[in-house]
Amino acid sequence: MIEQRPATGRAAGRFLRAATMDGAQVTHGLIALCCAVFLISPLSGFNPTYGTADALLAAQAGYFERWGVIPSELWNGSAHALLTPLTALFVHGSWLHLLGNMLFLYVFGAMAEERMGHVEFALFYVVCGYLALMAYAMAHADSDQTLVGASGAISAVLGAFLYLFPRARVTSLFPFLFFLPLRFPAWIVLIFWFVLQWLAAQGAGSGPGVAYLAHVVGFATGFLYAWGRYGRGARVRTPATATEGESQP
């Protein structure tokens with residue numbers, strides 16, 4: 001589980017209070033949009049218009065093909081194919097996929113949005129997510145497997161968070177340590193997560209599974225953007241309890 005708790009440091013606490021008071025409209029709007037898209041899609045199982053059994057499976061396959069990224073079709077020059085890295089950001093393959101992504105967006109997105117501002121954060125999220133999916137498609141240009149999900153964009157949020165709030169305290173549950181809650185600075189947890197994604201991307205193919213390369217590209221893009229855009233003066237260094245979460249988004 002992931003929840004956000006009040007920060008104890010003045011600087012991080014100021015960001016958290018402002019984000020809460022302001023409502024983090026973009027972060028909450030993105031979460032609401034992704035949830036709404038999933039609920040009305042054939043993937044949730046709640047929309048009776050798609051039928052059941054074979055009809056539902058066919059509708060799900062068609063839904064992925066229409067709104068998801070198919071790398072082998074991305075370079076055919078069609079406008080629809082070039083838009084799919086955008087539409088795919090709001091499509092999730094299962095309840096677990098959706099909830100996992102939205103939890104991390106909720107926890108890390110509010111502080112990043114407060115620092116960037118609403119418009120900049122929205123553009124940052126969409127552009128970085130688009131680039132992450134495009135990078136994966138370029139690396140697997142012959143793949144016919146559909147790629148969906150907001151993981152690339154959320155990885156960019158994590159990358160920006162690492163640069164802007166390196167000393168924020170993150171409580172993580174590590175499966176290989178029997179899910180013991182351990183508290184570390186954000187820079188330790190997020191760099192550890194990035195290394196895991198990088199190593200996994202080296203052995204991942206283009207078949208079904210997790211698009212680790214999109215995570216790597218998204219994270220690196222978000223970090224580099226924050227570094228180039230805000231410089232060293234924008235970093236919040238005060239140690240504070242900012243977030244609580246698992247080690248894997």
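Here is a short tour of the fold, the core and one surface patch of this chain. The model is a predicted one. Its chain holds ten helices and three strands, and 46% of the 249 residues count as buried.

**Overall fold**
- Along the sequence, the elements run α-α-α-α-α-α-α-α-β-β-α-α-β.
- Take the contacts between residues at least 6 apart in sequence: 75% of them join residues at least 24 apart.
- The chain has an accessible surface of about 11,900 Å², and carbon and sulfur atoms account for 66% of that area.

**The nonpolar core**
- The largest nonpolar core has 56 residues, and Leu105, Phe121, Phe124, Tyr125 and Phe161 are those that touch the most other members.
- At least two residues of this core come from each of helix 2 (25-40), helix 6 (95-116), helix 7 (118-139), helix 8 (151-164), helix 9 and helix 10 (212-230).
- Helix 8 gives the largest share of this core, with ten residues.
- Leaving aside residues up to four places away in sequence, Tyr125 touches Leu30, Leu105, Ala150, Ala153, Ile154 and Val157.

- Helix 8 is largely enclosed by the rest of the structure, because 14 of its 14 residues are buried.
- At 1.5 Å a residue, helix 8 should span 20 Å, which agrees with the 20 Å between its end C-alpha atoms.

- Trp187, Ile188, Ile191, Val195, Trp198 and Leu199 make a nonpolar surface patch of about 550 Å².
- Ile188, one of these patch residues, sits in helix 9 (residues 186-203).
- With a relative accessible area of 32%, Ile188 is partly exposed.

Terms used:
Residues are numbered from 1 along each chain as its sequence is written. This is a predicted model: local features need pLDDT of at least 70, side-chain atom pairs count only at pLDDT 80 or more; totals for chains, interfaces and linings use all residues. Side-chain values use heavy atoms; hydrogens and water are left out. Patches are made of residues with over 30% relative accessible area and no salt bridge: like charges are joined within 9 Å, nonpolar side chains (Val, Leu, Ile, Met, Phe, Trp, Tyr) within 5 Å. Accessible areas come from the Shrake-Rupley method with a 1.4 Å probe; for residues, only the protein chains shown count as cover. A salt bridge is a side-chain nitrogen of Lys or Arg within 4 Å of a carboxyl oxygen of Asp or Glu. Helices (H or I, at least four residues) and strands (E, at least two) are DSSP runs, numbered from the N terminus. Buried means under 20% relative accessible area, exposed over 50%, partly exposed in between (1.4 Å probe, protein chains only). A nonpolar core is a set of buried Ala, Val, Leu, Ile, Met, Phe, Trp, Tyr and Cys residues joined through side-chain atoms within 4.5 Å. Contact means heavy atoms within 4.5 Å. The expected span of a helix is 1.5 Å times one less than its number of residues.
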